[in-house]
Amino acid sequence: MSRKGRARLQIMDFIRVRASADGAETISYWTGDVYGWQDDDGPHHLFGFEGLNVARAVEADGGWQLLTREAALYLDPKTRQVLDIWDNPSTGRAVEVQHVFNDPVNQRLGTYPVPATRLGDQVVYNVDIRLAYPSPLKVADYPDNSASDTYRAMELFQFFAAAKDVDSGAPGVPCVFSWCRVSPWLPWMAMGQRGGGLVYHCRGAKVAEVPQRLRERVGERFLHAPAEWSGPNVTSWTAFADRAGR
């Protein structure tokens with residue numbers, strides 16, 4: 001098999017683990033925590049975090065489109081109840097929590113294979129995303145809500161699947177995953193340009209359904225994947241900018 005053919009097969013295997021190669025919708029649920037530190041303080045356990053991503057994989061232009069939308073809730077770190085108002089100990093201000101409702105969150109795959117490691121009877125795919133681009137929230141326009149004119153973050157994923165399932169040829173493969181994110185302060189936290197930032201540490205799995213509390217809060221739309229490609233992708237930063245501009 002040619003190198004190109006092997007790469008295409010490897011990407012197909014990842015699609016089967018991440019979503020499903022037959023275009024079926026797949027739900028990924030995660031739960032975890034968010035920690036924060038400042039240059040001279042912390043780290044502190046700020047929030048619990050739980051959410052879902054609903055995905056559909058579609059072949060297009062010699063590769064794959066991963067069509068998704070996602071929603072997530074910030075939780076009280078002790079009670080694990082949904083947190084709608086947060087008392088920021090750094091500023092002494094109570095702020096409205098803006099939960100995650102990102103639609104769409106689409107991705108193109110096919111240019112490069114996804115790194116895979118065989119560990120005993122498991123296959124682990126890692127997706128390391130390093131981000132640096134102009135922030136949609138310029139400091140001059142949003143001094144309380146923007147840490148910098150450049151958004152810098154890392155999103156680090158690991159997807160774990162049984163080797164026998166990957167080798168089975170089934171269109172969809174069960175998986176569990178881990179996710180770590182290092183990012184600036186969230187805009188709604190109103191931390192200005194204080195040094196420091198956030199670390200998210202979560203784990204999850206493909207599931208048949210998600211907890212009732214999450215289903216009720218996110219609504220029916222976020223329980224289904226987009227039908228077709230659209231853009232641009234939505235993030236917590238663009239959502240804040242859109243909301244502030246209304």
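Visitor: Which residues does Trp86 touch, not counting residues up to four places away in sequence?
Guide: Please keep in mind that this is a predicted model. Trp86 belongs to the largest nonpolar core, which has 50 residues, and is among those with the most contacts inside it. Leaving aside residues up to four places away in sequence, Trp86 touches Leu46, Phe47, Arg93, Ala94, Val95, Val97, Trp188 and Met189.

Visitor: How many residues does the second, separate core have?
Guide: This second core is separate, and its members include Ile27, Leu73, Val82 and Ala225. Its number of residues is 14.

Visitor: Is Gln38 buried or exposed, and with which side chain does the side chain of Gln38 make a polar contact?
Guide: Gln38 lies in strand S1, residues 26-38. Its relative accessible area is 18%, and because the limit for burial is under 20%, Gln38 counts as buried. Not counting residues up to four places away in sequence, Gln38 touches Ser90, Trp185, Met191, Arg194, Gly195 and Gly196. The polar contact, at 2.6 Å, is with the side chain of Ser90.

Visitor: Asp61 and Ala190 each have a positive phi; which of these two is buried, and which is exposed?
Guide: Asp61, in the loop between S2 and strand S3, has a phi of about 55 degrees although it is not a glycine. Ala190, in the loop between strand S11 and strand S12, likewise has a phi of about 55 degrees without being a glycine. Asp61 has 77% relative accessibility and therefore counts as exposed, whereas Ala190 has a relative accessible area of 9%, so the buried residue is Ala190.

Visitor: In which sense do strand S8 and strand S9 pair?
Guide: S8 and S9 form a hairpin with 2 residues between them, and Gly120 in the turn has a positive phi of about 65 degrees. Thr117 stands opposite Val124 in S9. Over 4 bridges, the sense of the pairing is antiparallel.

Visitor: With which residue does Glu96 form a salt bridge?
Guide: The structure holds 11 salt bridges. In this one, the closest N and O atoms are 2.8 Å apart, and the pair links strand S5 with helix H4, 147 residues apart in the chain. At 44% relative accessibility, Glu96 counts as partly exposed, and the partner of Glu96 is Arg243.

Visitor: Which residues do salt bridges that share partners join into one network?
Guide: Arg221 forms a salt bridge with Asp103, and their closest N and O atoms are 2.8 Å apart. Arg221 has 51% relative accessibility and so counts as exposed. The network is made up of Arg69, Asp103 and Arg221.

Technical notes: Residues numbered from 1 in each chain as written. Predicted model: local features only at pLDDT ≥ 70, side-chain atom pairs only at ≥ 80, totals over all residues. Heavy atoms only, no water. Core = buried A, V, L, I, M, F, W, Y, C linked by side-chain atoms within 4.5 Å. Buried < 20%, exposed > 50% of the residue type's maximum accessible area, 1.4 Å probe, protein only. Contact = heavy atoms within 4.5 Å. Polar contact = N/O pair within 3.5 Å; in protein donor to acceptor, adjacent residues only side chain to side chain. Pairing = 2+ DSSP bridges. Salt bridge = Lys/Arg side-chain N within 4 Å of Asp/Glu carboxyl O.
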